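Okay, thanks everyone for coming. I just want to walk you through a few spots in this one, so let's get it up on the screen.

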Amino acid sequence: MYLRFLLPQQRVFIRTITQVTGKQINEPARTVRGTHDRFGVENEKFTHIQKIGTSIAELYCFEQISTPILEFSQVFERTLGSESDIVGKELYSFIDHDDKLTLRPEGTAGIVRALINNNMDRDLPKKFYYHGPMFRRERPQKGRLRQFEQFGVEMFGYENPTSDIEIIEMAWVFLNKIDTGIPFELEINSLADMESRTRYCEVVKDYLLQNSSHLSSDNSKNPEDIPIIQNCPSITEFYNTKSAERFNAVCQGLQKLEIPYKVNPQLVRGLDYYEDTIFEFKCTDSRLGVSQGTVLAGGRYDSLVQLMGGKEKVPGIGRWAAGVNRLAAILRDDITIPRERPIAIVIIQDRDKTILSTGNCRKNNDMMLHYYGLKISSVLRSYNIKTFFYHTPNAHKLSLKTILANVVKTNASHAILIGENEIMNDKVTLKDLDLKIQNEYKFEDVVQIVLKSREIKNS
């Protein structure tokens, strides 16, 4: 009752105190089912994958694009197909006033929306890459999370089959550069153009009607349905001349680039907007939770821009998206990720008791040592030298041996030791943590020593 008489700031303070004392907390905070905290080695793997993806994308002259995680629901409902499992079961959607909004389940639709909204479809061609979180409300299991990361690329305004070949080659280079140590298998297929697919759809309908009495009625994955589905006519039998020539050109191009592949006539993609070339990179690893898991997939979508409200049909290829979570899962933990080793700043307290007295004077001088150390850290960082400042614990004093043992855990190559003697002599002690040797230098000389050692290691 008394809270209503307090100012807003006071009410927040009282509530915070109540929560901290545990009177309103019954259980510890926890993650949402299907989500996952990422840190340590796993986070290093993600960073490693994204850095490689970025470097390769820019090598192929792609530019980065970022779109909102939150979009109007129609952006995805229009492109994914109203009858797809993603729209029917897996979208995270909610009503915000009168607007229906959705957390993005994939990256392509938002990028196409950005292309149209920003009139970039009038300034083609365009090549984009992106990375970030996606969301699908599916049953969490090994290799599948409700929030997951993707790295992907898109190309707009490229119609020649060479664009299909380049985008597949780019994916091949990307996966091999990551170096999981596990072989990938490339499967490709062609869904043909709209003309061929229209004819094929009529044939499939007739075939299924003829065999309807042998199909299960509950639309489930009944094992008895499998032979009938496998004997269904293949779309490869209904390619028109244009689709056949295009797919043949893609296959020949992959052969010329010495990229091994397998044509899989049963290969399809889960989204409605694909046409002509589609592809998947698969690998076999139990850590993916399946016998053979797809780690990267994509294809061509020449009608997507127009489907989303663009004034003209814009050729598009890409929508290859790599599941970063899946790649990180099969990336070995001991992978060597290049990282610059830091220089540690260590304050040595009470090393010469003759100089400083006790009590408040002792504390003040200790703080002066720390201020001096922070100043040195700032100077080192101005030279782009990675610097770790060791914050001395207040509660208890640690021996120099213990402090240095803690510093070694940061992978520092050197430690700059700062004590009262160093301040009085206008010097610092530089300790090589690998060779276990140390010497006194003027601070200006230390900077040059560190920079020179970095040049030698990088040469």
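So, helix H3, residues 73-80, and helix H5, residues 108-117: their axes come within 9 Å and cross at roughly 110°. Helices here are DSSP runs of H or I with at least four residues, strands are E runs of at least two, and both are numbered from the N terminus. The axes are lines fitted to C-alpha atoms, for helices over the stretch in contact, with angles from 0 to 180 degrees between N-to-C directions. H3 and H5 therefore count as roughly perpendicular (that's 65 to 115 degrees). Who meets whom? Val75, Phe76 and Thr79 in H3 meet Ala109, Gly110 and Arg113 in H5, where contact means heavy atoms within 4.5 Å.

Before I go on: this is a predicted model, local features need pLDDT of at least 70, side-chain atom pairs count only at pLDDT 80 or more, and totals for chains, interfaces and linings use all residues. Residues are numbered from 1 along each chain as its sequence is written, and side-chain values use heavy atoms, leaving out hydrogens and water.

Next, Phe151, in strand E6, residues 147-156. Buried or exposed? Phe151 is buried, because its relative accessibility is 1% (buried is under 20% relative accessible area, exposed over 50%, partly exposed in between, with a 1.4 Å probe and protein chains only). Beyond four places in sequence, Phe151 touches a list of residues including Tyr129, Tyr130, His131 and Trp320.

Last one, Asp333, in the loop between helix H11 (324-330) and strand E12 (343-347). Asp333 counts as exposed because it has 58% relative accessibility.

Conventions:
Angles under 35 degrees count as roughly parallel, over 145 as roughly antiparallel, 65 to 115 as roughly perpendicular and the rest as oblique.
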